[in-house]
Amino acid sequence: MKISSLVTATVIASFLLMGAASAQTAAPATKTEAPKTETKAPADKKAAAKPRTPGSLECSKQADEKGLKGKERKKFRSACKKEFADKEKAATGAK
């Protein structure tokens, strides 16, 4: 009788330990998912706050055609958007 009691106690203890081990591995998975949703929220706010103008889109296309990148692209787009705004003001003022 002692051996059967010992085997039964061992089996029950192993089931309890396996349950505790599986519960501990599931918790970190939910913690890693939470930051992913937080990083997407600020990007959505920025996109919704500032829509792109037709001048900005046109200047981006021109910069892509010229293959500009980095500081050169930024400088080109800045000058291009300024010219586009000046042309738009001149067209509005002429009417």
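This is a short walk through the structure above, from its overall layout to a few of its contacts.

The model is predicted, and the protein in it has 3 helices and 0 strands. Read from the N terminus, the order of elements is α-α-α. Of the 95 residues, 9% count as buried. The protein exposes about 8,500 Å², and carbon and sulfur atoms supply 64% of that area.

Start, if you like, with helix 1, which covers residues 2-49. A nonpolar patch on the surface is formed by Ile-3, Val-7, Val-11, Phe-15 and Met-18. Together these residues have about 530 Å² of accessible area. One of them, Val-11, has its place in helix 1. Val-11 is partly exposed, as its relative accessible area is 38%; the range for that label runs between 20% and 50%.

How far apart should its ends be? At 1.5 Å a residue, the 13 residues of helix 2 should span 18 Å. The end C-alpha atoms of helix 2 are 19 Å apart, which agrees with that expectation. Next, look at which residues of helix 2 are buried: Gly-55, Ser-56, Cys-59, Ser-60 and Ala-63. They cover an arc of only 135 degrees around the axis, so they lie on the same side of helix 2. Turn to the face directed away from that buried side, and you will find the exposed residues Pro-54, Lys-61, Asp-64 and Glu-65. After helix 2 comes Gly-67, and its phi is positive, near 75 degrees.

Ser-56 is 28 residues away from Phe-84 in sequence, yet in space the two are 8.6 Å apart, C-alpha to C-alpha.

The other is Cys-59. Which residue does Cys-59 join through a disulfide? The partner is Cys-80, with an S to S distance of 2.1 Å, and the structure holds 1 disulfide. This pair links distant parts of the chain, with Cys-59 in helix 2 and Cys-80 in helix 3 (residues 70-94), 21 residues apart. The torsion about the S-S bond of Cys-59 and Cys-80 is about -85 degrees, so the disulfide is left-handed. Are its two ends buried or exposed? Cys-59 counts as buried because its relative accessibility is 0%. Cys-80 is buried as well, since its relative accessible area is 12%, where the cut-off for buried is under 20%.

To finish, come back to the exposed face of helix 2, which carries Asp-64 among its residues. Side chains of opposite charge can pair when their charged atoms come close. Here Asp-64 forms a salt bridge with Arg-73, and the closest N and O atoms are 2.8 Å apart. The structure holds 1 salt bridge. How accessible are its two partners? Asp-64 is exposed, because its relative accessible area is 52% and the label needs over 50%. Arg-73 is partly exposed, with a value of 22%.

Definitions and conventions: Residues numbered from 1 in each chain as written. Predicted model: local features only at pLDDT ≥ 70, side-chain atom pairs only at ≥ 80, totals over all residues. Heavy atoms only, no water. Helix = DSSP H or I, 4+ residues; strand = E, 2+ residues; numbered from the N terminus. Expected span 1.5 Å × (residues − 1). Buried < 20%, exposed > 50% of the residue type's maximum accessible area, 1.4 Å probe, protein only. Arc of directions from axis to C-beta. Patch = residues over 30% accessible without salt bridge, like charges linked within 9 Å, V, L, I, M, F, W, Y side chains within 5 Å. Areas by Shrake-Rupley, 256 points an atom, 1.4 Å probe, with all protein chains shown as cover. Salt bridge = Lys/Arg side-chain N within 4 Å of Asp/Glu carboxyl O. Disulfide = S-S within 2.5 Å.
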